[in-house]
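Hi,

Here is the structure I promised to pass on. My notes on it follow below, and I hope they make a handy starting point for you.

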Amino acid sequence: MAGNPLDLRIWLDKVRDLGELTEVNGADWNLELGAISELNVKKAVPPALLFDDITGHAKGFRVLTCSTSSPARLSTILRLEVERSQLKLVQALRGKPNQWQSGAPAYDPVFADGGPVFENTLAGDAVDVYRFPCPLWHEKDGGRYLGTGCMVVTKDFDSDWINVGCYRNMTHDRNHVGLNMIPAKHGAIQFSKYRKAGKPFPVAIVLGCDPLGYWISGIEIPFGISEYNYMGSIMKEPVAVVRGPVTGLPFPAASEIVLEGWVHPGEERLEGPFGEFHGYYSSESEPTPVVTVERIHYRNDPIVLGSPPAKPPHDFSYAKAVVRSAMLVDALQAGGVPDVVAAWAHEIGGARMFNVASIKQRYSGHARQAGHVLSQCGVGYYLSRYAIVVDDDIDPSNLQEVMWAVATRTDPELDIDIIKRGTGSKADPMSVAYRQKGFCSKAVIDACRPFDHLEDFPPVAEASRELQEKTRAKWRHIL
Ligand SMILES: Cc1cc2nc3c(=O)[nH]c(=O)nc-3n(C[C@H](O)[C@H](O)[C@H](O)COP(=O)(O)O)c2cc1C
């Protein structure tokens, strides 16, 4: 099997054919790339943006943003039929994460003899990360971030498990970048073993390839499964990788840019703050592990894949909402919750902090069970704040309907369960007010009609579906 080298340019051709690529010339790395991308994602269907002629950089050294922010592009990334409707895309995704996960063991990556990533190499004194457009994305960022839509490849200390995680990289100087891994993340768990043994931690940072790469690296794939296997399972062909000559780590053969290096024992520098996915600069600059870059491999005319977060909607909030919602439905079902109709991880909560599921209530306690699993399942527990369960007449992706159910079908004393000392994050904007960092409480809101009063609960005062359809048909010209 030859394998798929995750070539970004093949995917970009598809995006051009979809009519969803805008080329932007002459923008400045200093705040303009960030601000243009931020304004772009506020459109109803934002195009992907390919920046060239970036101030201070050679023509051809490009940056791509907004790669995942439309249903059509997201469906091509996930190798589904092109879908231009969000609802159909979520429908098409139902059950897929489970299938991808169970298929993953059959798709070990395959090693290619070489690849376009080796077209150019910088070593020794020539190593200089500033050759590549490295944006200051937001006004209050602590530095310029080269790695946002990136893949950080690492290997376990005492097994062959290769992990690929999306962890941001601030540039410190020409051959040092930060590695911001939150403690529970798999890369951080691997790193802690090297640190304990006093050994240097090998790292390869992929700064651009087919967005499937960074996208899967940014999703919670279960512990011990390599993201490469998961990507292979989605594509139905293995990822074609090459071995890094410095670290021995595998990266996609068509990667645009790869930084290879080591975190040496005890090496840390101040990193951040950075505008984050929930819309805040939530943490101060903090000592963070630093990668000493020994070698840079890159393609001719390389493209940095940028994915800058900000106050939602932002670069990747839409895609997170869609994919995490499908994963939440699967997790609820795997957790033994029957009759889950739909779930939605809202963009306003960065697709983590405000999650809603709708169920068809079958038995007493069903809604509570769904709410607690929604709050605590593997894909949902991290920084979850509100888990809300609604009846099947409510669309969980529609905030207006959800909050109507909360306002009218809950009694706060009876229907809000508080889970204390759940998993929080240093990235939590509320952590300023917490004495115990790393924890946060979680509310499970049962906004379903009380199960023991389904029969006598007041009927909804809204025109029936039949009356609505009849009225719309007759009064189309004014409605
Ligand atoms: C664009 C983007 C940037 C991210 N930045 C970080 C980051 O800087 N640090 C972090 O710990 N997680 C970050 N995440 C979330 C992780 O990538 C995600 O939790 C992933 O599951 C981590 O991989 P792991 O499960 O192998 O640890 C980011 C996700 C995306 C999509």
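Across the interface of domain 1 and domain 2, seven residue pairs are found in polar contact, both residues of each pair being at pLDDT 80 or more. Please keep in mind that this is a predicted model. On the side of domain 1 that touches domain 2, the elements that give two or more residues are α3 (71-77), α4 (86-93) and α5 (96-103). Of these, α4 gives the most, with four residues. Sorted by class, that side of domain 1 has 13 nonpolar, 11 polar and six charged residues.

As for the division itself, domain 1 covers 8-305 and domain 2 covers 317-453. The contact draws 30 residues from domain 1 and 24 residues from domain 2, and the C-alpha centres of the two domains are 29 Å apart. Between them, domain 1 and domain 2 bury about 2,500 Å², with 63% of it on carbon and sulfur atoms. Arg94, Glu220 and Phe277 are the residues of domain 1 that lose the most area to domain 2, together 23% of what that side buries.

The interface also has two salt bridges. Glu220 turns up in a salt bridge as well: its partner is Arg352, and the closest N and O atoms are 2.9 Å apart.

**Salt bridges in the whole structure**

A search of the whole structure gives 27 salt bridges.

- Glu20 and Arg73, with the closest N and O atoms 2.7 Å apart. Glu20 sits in the loop between α1 (8-18) and β1 (21-25) and Arg73 in helix α3, so this pair ties together parts that are 53 residues apart in sequence. Glu20 counts as buried because its relative accessible area is 7%, and Arg73 is buried at 0%.
- Glu276 and Arg168, at 3.5 Å from N to O. Glu276 is in the loop between β15 (268-271) and β16 (286-298), while Arg168 is in the loop between β8 (162-165) and β9 (169-173), so the pair ties together parts 108 residues apart in sequence. Both Glu276 and Arg168 are buried.
- Glu256 and Arg299, with the closest N and O atoms 3.6 Å apart. Here Glu256 lies in the loop between β13 (250-252) and β14 (257-263) and Arg299 in the loop between β16 and β17 (303-305), 43 residues apart. Both Glu256 and Arg299 are buried, and salt bridges that share partners join Asp7, Arg9, Glu256 and Arg299 into one network.

Ser358, in strand β19, is buried with a relative accessible area of 1%. Among the residues Ser358 touches are Asp339, Val341, Asp391 and Pro396.

Finally, helix α10 (residues 366-376) has His366, Ala367, Ala370, Gly371, Val373, Leu374 and Ser375 buried. An α-helix has 3.6 residues a turn, so residues three or four places apart point the same way. The cover over the buried residues of α10 includes α9 (317-334), β19 (354-359), β20 (386-391), β21 (416-423) and β22 (439-446).

Conventions: Residues numbered from 1 in each chain as written. Predicted model: local features only at pLDDT ≥ 70, side-chain atom pairs only at ≥ 80, totals over all residues. Heavy atoms only, no water. Buried < 20%, exposed > 50% of the residue type's maximum accessible area, 1.4 Å probe, protein only. Contact = heavy atoms within 4.5 Å. Domains from an automatic or database assignment. Buried area = accessible area lost by both parts, 1.4 Å probe. Salt bridge = Lys/Arg side-chain N within 4 Å of Asp/Glu carboxyl O. Polar contact = N/O pair within 3.5 Å; in protein donor to acceptor, adjacent residues only side chain to side chain. Nonpolar A, V, L, I, M, F, W, Y, C, P; charged D, E, K, R; others polar.
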